[in-house]
Amino acid sequence: MVPVNEENMTTIWPPSSIQTADDVGRKDDTLKPKAGVVLQDFSHALMAISNLGTFGIFKYGPSNWLHVDDGISRYTDAMSRHFLLEKIEKIDPETHMLHAVSTAWNALARLELIIREQNRLKDGE
């Protein structure tokens, strides 16, 4: 999500028209992420990642990946490894899915851990 700040706020504030109490059906979501659109635009890729995630749940258990020691580094390595393997073999022999799916899954796991760590530092934990 792009954070709202003074620089980008000038493009939407002040509004060109002020709404009144008589306005019906108004919702102030202009600056909110369009998650539904993004999910639909990437529906094939996200279903493939969901299938791989389900494979991982059966193999390791739900959310086990969150507790891997040095997760950011290890998921970066796995992401890079699968990215390189895409050029050698398209399908992962263990999962029978595209290596590109594992590349994307590991990128998401890495990103999730980075954001969680950033939030912990920001919150003073």
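Trainee: I'm starting with arginine 120: is it buried, exposed or partly exposed?

Mentor: Keep in mind that this is a predicted model. To sort a residue, look at its relative accessible area: under 20% is buried, over 50% is exposed, and in between is partly exposed. Arginine 120 comes out at 36%, so it counts as partly exposed.

Trainee: Which residue does arginine 120 form a salt bridge with?

Mentor: Its partner is glutamate 117, with the closest N and O atoms 3.0 Å apart. Glutamate 117 is partly exposed too, at 32% relative accessibility.

Trainee: What about arginine 116 and glutamate 112, how far apart are they in helix 5?

Mentor: They sit 4 residues apart, so again the gap is about one helical turn. Their side chains meet in a salt bridge at 2.7 Å, N to O. Arginine 116 has 36% relative accessibility, so call it partly exposed, and glutamate 112, at 31%, is partly exposed as well.

Trainee: How many salt bridges are there in total?

Mentor: The count is 3. One of them joins the side chains of lysine 59 and glutamate 94, at 2.3 Å from N to O. That pair ties together distant parts of the chain: lysine 59 belongs to helix 3, glutamate 94 to the loop between helix 4 and helix 5, and they are 35 residues apart.

Trainee: Now a charged residue without a partner. Where is aspartate 92 found?

Mentor: Look in the loop between helix 4 (71-85) and helix 5 (99-122). Aspartate 92 is buried yet has no salt bridge.

Trainee: What does aspartate 92 touch, leaving out residues up to four places away in sequence?

Mentor: It touches His82, Met97, His99 and Ser102. Of these, His82 is among the buried residues of helix 4, while His99 and Ser102 are among the buried residues of helix 5.

Trainee: Which residues of helix 4 are buried?

Mentor: Gly71, Tyr75, Ala78, Met79 and His82. They cover an arc of only 100° around the axis, so they lie on the same side of helix 4. Helix 5 is part of what covers them. In turn, the cover over the buried residues of helix 5 includes helix 3 and helix 4.

Trainee: One more feature, backbone angles. What is phi for histidine 96?

Mentor: Positive, at about 60°, although histidine 96 is not a glycine. This residue is in the loop between helix 4 and helix 5, and at 62% relative accessibility it counts as exposed.

How values were computed. Residues are numbered from 1 along each chain as its sequence is written. This is a predicted model: local features need pLDDT of at least 70, side-chain atom pairs count only at pLDDT 80 or more; totals for chains, interfaces and linings use all residues. Side-chain values use heavy atoms; hydrogens and water are left out. Helices (H or I, at least four residues) and strands (E, at least two) are DSSP runs, numbered from the N terminus. Buried means under 20% relative accessible area, exposed over 50%, partly exposed in between (1.4 Å probe, protein chains only). Lys and Arg count as positive and Asp and Glu as negative; His and the chain ends are not counted. A salt bridge is a side-chain nitrogen of Lys or Arg within 4 Å of a carboxyl oxygen of Asp or Glu. Contact means heavy atoms within 4.5 Å. The arc is that of the directions from the helix axis to the C-beta atoms.
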